[in-house]
Structures are given as C-alpha cells and as structure tokens.
Amino acid sequence: MSEENKDGVEASIKKWLKETGFPLEMQAAHVFNELGYDVRQSYVVKDIQEDKPREIDILAKYPFELDLGITKIFCILECKSSKHPWLVFDGENTLSSYNMLHSFAIMSPDAFSAISGILFSDKSRKSWELFQRSPKCGYALRQPFSDKDTGYTAAMNVLKACRNMVEPPQKTSLPNINVAFPILVVDKPIFECAYVEGELVVKEVPHSKFLFSSYIPDLAVSRINIVHIDHLDSFAKHYINVATKLREMLAETEQNAMEKAKGRS
C-alpha cells in the first residue's frame with residue numbers, strides 16, 4: 001500500500017471511530033488506568049437471567065497489597081456516546097423509604113450479610129458514615145429530543161452488568177464478598193430537572209445520580225451515577241477511597257473466614 005493510500009485509510013478509520021462510542025470508552029479506561037486501577041475492557045460475563053455471555057464496557061478494580069481474594073470491589077462502567085443530552089429527574093424523597101445498603105451498590109448475598117452485620121454491631125455507628133445517603137437523588141434518566149428510551153436501556157445494561165459480576169460462579173468454602181458500583185459515562189451535557197415552588201427548574205450539572213431497580217431475576221436496586229467524561233477523574237479517585245474504607249471494614253471478616261477455611265482443611 002502506498003503512503004498516500006495508507007494515509008487515506010488511516011484518516012477514514014479515524015473518521016469512522018469518531019462516529020462510534022469507542023473513543024469515549026478508551027478515554028474512560030485511560031482515566032482509571034492512570035490512577036492505578038486494574039482495567040478490563042469489553043469484559044465478558046455470564047448473564048444469569050438469559051444464560052448467555054454479556055459484555056461489560058469497562059470493569060475497573062483497584063488493587064490492594066493485602067488481597068485475600070475474598071472481598072472484590074468493582075466499578076462497572078457503561079459508556080454512552082450520543083447526539084443528545086441527558087436528563088435526570090430529581091425527586092424530593094427518592095431515598096426516604098430505602099435501606100441505606102440497598103441503595104449503596106449492588107452486592108452479593110455474602111457482602112450484604114457481612115456489611116449489615118458489621119453495621120448492626122457497631123454501637124458507635126462510626127462505620128455508618130460510609131453509607132450515609134445524600135438527600136438528593138433522581139428517580140429516572142431520559143434523553144431529551146430522542147424517541148428511544150435510551151436512559152432506561154443504559155440504566156438496565158449497567159445494573160445487569162453489576163448483578164452478573166457480583167453473583168458467585170459457584171459455592172466455595174470461602175464467602176464471596178462482592179460489591180459493584182454502576183457508573184454511566186457520557187460525552188454530552190447532563191441536566192437535572194426538579195419541581196421547585198410550582199415551577200420546573202432545569203440546570204446543567206457535571207454529574208448526577210438516580211435510583212434504579214429491576215428484577216434480574218431477583219430485585220436489584222442501586223443508585224446509578226451518571227458522569228460526564230470530563231469529570232470522571234474525580235469519580236475514579238472517590239471510589240479508591242470507598243474501596244479502601246470497605247476493605248478496612250471487612251478485614252476482620254476476611255481473616256476469620258480464612259482461619260475457618262484452614263481449620264476445615
């Protein structure tokens with residue numbers, strides 16, 4: 001291939017790429033890679049509802065020196081490149097009737113049991129700080145000017161990816177303490193809509209969150225963060241802090257599980 005033809009093909013490929021979602025996905029993965037996460041792109045897991053393979057755009061896990069392989073904390077990213085902006089509908093009391101753990105993340109049964117047990121036994125409630133809810137949370141995601149319900153589809157995809165990731169593939173002698181945080185990464189502006197004193201108020205924000213639930217096949221509930229790619233770095237840093245605190249909280253549980261398993265062998 002001549003240099004002229006080669007340049008033409010390269011230019012055509014770049015033009016094609018810009019019309020797809022691949023650049024956004026690559027940029028998002030780069031953000032997490034730069035902060036030291038273990039990152040997997042186009043990661044395939046088994047869909048527990050449909051019993052077939054499903055692809056996750058980005059799976060990010062922050063590595064720790066002391067990793068016993070019991071506690072696994074993931075950021076699951078669904079990247080959505082589009083022509084239209086995104087709109088989160090703000091609710092005044094979205095989280096008022098939800099247990100703080102149910103809206104925190106998607107957890108495996110062992111993770112929920114371990115964390116709820118720790119919180120219940122913590123008389124000082126110091127460990128509760130990590131799970132304190134922000135009073136503000138949306139209840140739905142839509143895409144203005146689009147006939148398709150892309151907001152629902154995006155939320156469902158990332159929630160299912162989290163559920164598929166935390167479900168243990170098989171029972172073992174050790175608990176499967178898995179936690180997954182769903183994050184939607186977008187390249188178009190994000191807006192919030194609220195009803196304030198009889199008026200609709202719409203404002204642009206760098207990121208937002210909304211509560212989403214579905215049966216896949218059992219009930220799964222979590223807050224989902226939606227963040228513009230330009231602000232993803234702060235989210236990646238935030239979840240390093242969250243993962244660190246969770247691992248510190250679960251350290252004794254992990255150690256007890258290891259000792260119990262060794263006693264059986």
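What is the volume of the largest pocket? The value is about 450 Å³, where a pocket is an open set of points on a 1 Å grid over the protein atoms alone, at which a 1.4 Å probe fits, with protein on both sides within 12 Å along at least five of seven lines. The volume is the space filled by probe spheres set on the points, which are joined across faces, edges and corners.

The model is predicted: local features need pLDDT of at least 70, side-chain atom pairs count only at pLDDT 80 or more, and totals for chains, interfaces and linings use all residues. Residues are numbered from 1 along each chain as its sequence is written, and side-chain values use heavy atoms, without hydrogens and water.

Select K209, R223, N225, H238 and Y239, which lie nearest the centre of the largest pocket among its 23 lining residues (an atom within 4 Å of a point). Next, display helix 5 (232-264), the source of the largest share of this lining, 6 residues (helices are DSSP runs of H or I, at least four residues, numbered from the N terminus).

Move on to the largest nonpolar core, which has 44 residues (buried Ala, Val, Leu, Ile, Met, Phe, Trp, Tyr and Cys joined through side-chain atoms within 4.5 Å; buried means under 20% relative accessible area with a 1.4 Å probe, protein chains only). I115, F131, V185, L232 and L246 have the most contacts inside this core. Helix 5 again provides the largest share, 11 residues.

Finally, centre on F131: beyond its neighbours within four places in sequence, F131 is in contact (heavy atoms within 4.5 Å) with M100, L101, F104, I115, L119, L246 and M249.

Methods: Helices (H or I, at least four residues) and strands (E, at least two) are DSSP runs, numbered from the N terminus. Buried means under 20% relative accessible area, exposed over 50%, partly exposed in between (1.4 Å probe, protein chains only).
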